[in-house]
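User: I would like to learn how to read side-chain contacts and surface features in a model, with the criteria spelled out as we go.

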Amino acid sequence: MKRLAFTFTLLLLAASGALLTGCKSGGIENDPVLRLSSQEALDQGKTLMAAEKYHRSRRYLSHAFEVEPNSRSGREGLLLLADSYYLAGNDANWIQAEAKYRDFLNRFPTSDQAAYAQYQIANSLARRVGRANRDQSATLKALQAFQELKRLYPTSDYAVEADEQVDELRNKLGDAEFVVGDFYLRYRYPAAAVTRFEALLAGYPEYHETDKVLFHLGLAYHRSRQPQHVGKAAEVFGRLKSDFPDSEFVDEIPPEALEAPPEPPAEPTDAMAADGDGDGDEESSDETADSEGASR
């Protein structure tokens, strides 16, 4: 029994030694990337990035950061790692890019590249913006990220570039509002369409197709049977003609929509009512007098 236990111990030690030897032979000694310094790995990663071999570059860039996370080369490696996902394209990579840029900002909030990282967070979100008839949560998040960039880094060059992006994203949100309003108008819910188009004009006064919104708002007013909408079509179409005289929609205005609605019948005034009462009394008196004359 003792000999069996001794033999088992020897076998266990031999297996452990073989495992350690295998790990060593398959580790740093046989992995050229792991033998590189942070700067060397960064240089290799940059070369692959320049050749647009983004997937292959990631191992080098990750190593550059992991070996010396707080060094200049380590910080640059992490930022370029995020870039490798962003430049590769598609939604899955942009999600990864956003996460890596956020990781960089969380670790190095005072870096001279912080404004760039925030700008790329916003761009990674903006790349995932869907069509106007789809969910606009990514559009809202991208808009907030660009606005955060302008708030945190107002003197940065990226803040200036963010202005154009903000305008574009607000137009996309306006497009989404228009799609909903147009849906209501097409399916004969003009009052609901009015609500959407009015909200679009109020919320996005700089919308790039305001003339189109005015035209459809005028149609919605014209087709609505709500008493508060009576006469509004002519008013809106008048604004369309005055503010956008060259718009293609001016020629499509229904002529009957420009006509003023008929005036409602005037309510009788107190004086008229009093006169009417007096006339009635007078007629009654005359009838009494005629009756008395006939009886005589």
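Analyst: What follows goes through salt bridges, aromatic pairs, surface patches and backbone angles in turn. This is a predicted model, in which local features need pLDDT of at least 70 and side-chain atom pairs count only at pLDDT 80 or more, while totals for chains, interfaces and linings use all residues. Residues are numbered from 1 along each chain as its sequence is written, and side-chain values use heavy atoms, with hydrogens and water left out.

User: How should I read a salt bridge, and how many does the structure hold?

Analyst: Side chains of opposite charge can pair when their charged atoms come close. The criterion here is a side-chain nitrogen of Lys or Arg within 4 Å of a carboxyl oxygen of Asp or Glu, and the structure holds twelve such salt bridges. One of them joins E98 to R102, with the closest N and O atoms 3.0 Å apart.

User: Where do E98 and R102 sit relative to each other in the helix, and is E98 buried or exposed?

Analyst: Helices are DSSP runs (H or I, at least four residues), as strands are (E, at least two), and they are numbered from the N terminus. E98 and R102 are four residues apart in helix α5 (residues 91–107), and therefore about one helical turn separates them. For burial, the classes are buried (under 20% relative accessible area), exposed (over 50%) and partly exposed in between, with a 1.4 Å probe and protein chains only. E98 counts as buried because its relative accessibility is 12%, whereas R102 is partly exposed at 37%.

User: Which residue forms a salt bridge with R196?

Analyst: R196 pairs with E177, the closest N and O atoms being 3.0 Å apart. Because R196 lies in helix α9 and E177 in helix α8, the pair ties together parts that are 19 residues apart in sequence. R196 itself is partly exposed, with a relative accessible area of 30%. A further salt bridge runs between E209 and K212, again with the closest N and O atoms 3.0 Å apart; here E209 is partly exposed at 28% relative accessibility, and K212 is buried at 16%. Salt bridges with shared partners also join K46, R72 and E76 into one network.

User: How is a pair of aromatic rings described, and how many aromatic pairs does a search of the whole structure find?

Analyst: Such a pair is described by the distance of the centres and the angle of the planes. Rings of Phe, Tyr and Trp (its six-membered ring) pair if their centres lie within 6.5 Å, and planes under 30 degrees apart count as stacked, over 60 as edge-to-face and the rest as tilted. A search of the whole structure finds ten aromatic pairs. The rings of F178 and F197 have centres 5.6 Å apart and planes at 40°, so this pair is tilted. The pair links distant parts of the chain, since F178 is in helix α8 and F197 in helix α9, 19 residues apart. F178 and F197 are both buried. Elsewhere, Y101, Y116, Y119, F146 and Y158 form one aromatic cluster.

User: Which residues form the nonpolar patch on the surface?

Analyst: Patches are made of residues with over 30% relative accessible area and no salt bridge, where like charges are joined within 9 Å and nonpolar side chains (Val, Leu, Ile, Met, Phe, Trp, Tyr) within 5 Å. Accessible areas come from the Shrake-Rupley method with a 1.4 Å probe, and for residues only the protein chains shown count as cover. The nonpolar patch consists of F183, Y187 and Y189, which together have about 380 Å² of accessible area. Y187 is in the loop between α8 and α9 (190–203), and Y187 is exposed, with a relative accessible area of 54%.

User: Which residues other than glycine have a positive phi?

Analyst: Among them is N90, whose phi is about 80°; N90 lies in the loop between α4 and α5 and is partly exposed at 42% relative accessibility. Another is R188, with phi near 65°. R188 is located in the loop between α8 and α9, where R188 is exposed, with a relative accessible area of 77%.
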